[in-house]
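Welcome! Please take a moment to look over the sequence and the 3D structure before reading on.

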Amino acid sequence: MDEIQEQQNTFSIVMPTCERPNLTIRAIQSIQGQFYQNWELIVVEDGSRAEVKGHIQDYIEKQNDVRIKLIHHDVRMQRLVARNTGIKAAQNDWMCHIDSDDEYLRTYLNSLNWAINEYPDYDIFHFGALVCTLRNYRLRESSEIKELENELGMEKFKSGVINLGSFIYKRKLHDEIGYFPEFGSPYKFSDFAKDEMPECLDWYGPKYMEGGKELGNPWGDDWYLFYKLTRKHKSKDLPFYTYLHYIRRGGFLQQDDDKILNRNNVVIA
């Protein structure tokens, strides 16, 4: 496609965050540094302490950029609710997600705009990531999830093969699949998913309270969303590694202390 005639697609990026002021600002800066500029960023501040909220708000206000929107939850509602808040506030054609302790490479949106124009028959795209650990970096390959020949969707697969920042999709698909179920507990969420999609019982065993496993880390909300999307729509596998996924173990990225995230102020059961 001629670069001059290339369609300029619009992207909505959702970032939930709680008690991570410095990491959140770093993640915001990775959006601001994109070569491709047709985006909006929705930061959902999920019930942090007042000083944390103020730190993030002060940074955003100083940017004077109408593309960056900040939404506050007065109390912590948990990640599924925060993701829904951001998704429902989005206005652009393509949905992107980023966790507040991760980053986009500068080519993230530019590469995806190219892919959308190159493969117009697809409503979902998935790709790899650069995984950063305490000692090294490694590539997480883009998952080769087979397209079904006689159906719309793709083959079944377990969690652990995808990250929310490693796929994008058309925002209008939420009209078909709905949003995240709003649970404050990853274990109640996993049991809900097993009721909704019984094939999960074959992979993770019975419900959590009956001795089964949760879906992921422990949430598995990345798998849940991508799995629901690809039951009805095929996803194009792309050879890109534009998402930086930080593994927070062993004191890595000590700018923010996640221990406070375990405090007991969740209001959604």
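The model is predicted, so local features need pLDDT of at least 70 and side-chain atom pairs count only at pLDDT 80 or more, while totals for chains, interfaces and linings use all residues. Residues are numbered from 1 along each chain as its sequence is written, and side-chain values use heavy atoms, leaving out hydrogens and water.

Let's begin with the whole chain. It has eight helices and nine strands; these are DSSP runs (helices H or I, at least four residues; strands E, at least two), numbered from the N terminus. Of its 269 residues, 54% are buried. Buried means under 20% relative accessible area, exposed means over 50%, and partly exposed lies in between, using a 1.4 Å probe on protein chains only. Helix α4 (residues 108-118) is mostly covered, with eight of its 11 residues buried, including Y108, L112 and I116.

Now for a helix pair. Two packed helices are described by the angle and the distance between their axes. The axes of α6 (residues 186-196) and α8 (residues 221-229) come within 11 Å and cross at roughly 20 degrees. Such axes are lines fitted to C-alpha atoms, for helices over the stretch in contact, with angles running from 0 to 180 degrees between N-to-C directions. The two helices α6 and α8 are therefore roughly parallel to each other, a label for angles under 35 degrees. On the α6 side, F189, F192, A193 and E196 meet D221, Y224 and K228 of α8, where a contact means heavy atoms within 4.5 Å.

Next, find S100 in the loop between β4 (94-97) and β5 (103-104). S100 counts as buried because its relative accessibility is 2%. Its side chain makes two of the polar contacts tabulated here (N or O atoms within 3.5 Å; within protein, one must be able to donate a hydrogen and the other to accept it, and residues adjacent in sequence count only if both atoms are side-chain atoms).

| Side chain | Partner side chain | Distance |
|---|---|---|
| S100 | T17 | 3.5 Å |
| S100 | R20 | 3.2 Å |

Finally, the backbone. Most residues other than glycine have a negative phi, and most peptide bonds are trans. N64, which is not a glycine, has a positive phi of about 50 degrees. N64 counts as exposed because its relative accessibility is 69%. Q78 also has a positive phi, near 85 degrees, but Q78 counts as buried at 10% relative accessibility. A cis peptide bond joins N217 and P218, with omega about 5 degrees.

Notes. Parallel < 35°, antiparallel > 145°, perpendicular 65-115°, else oblique.
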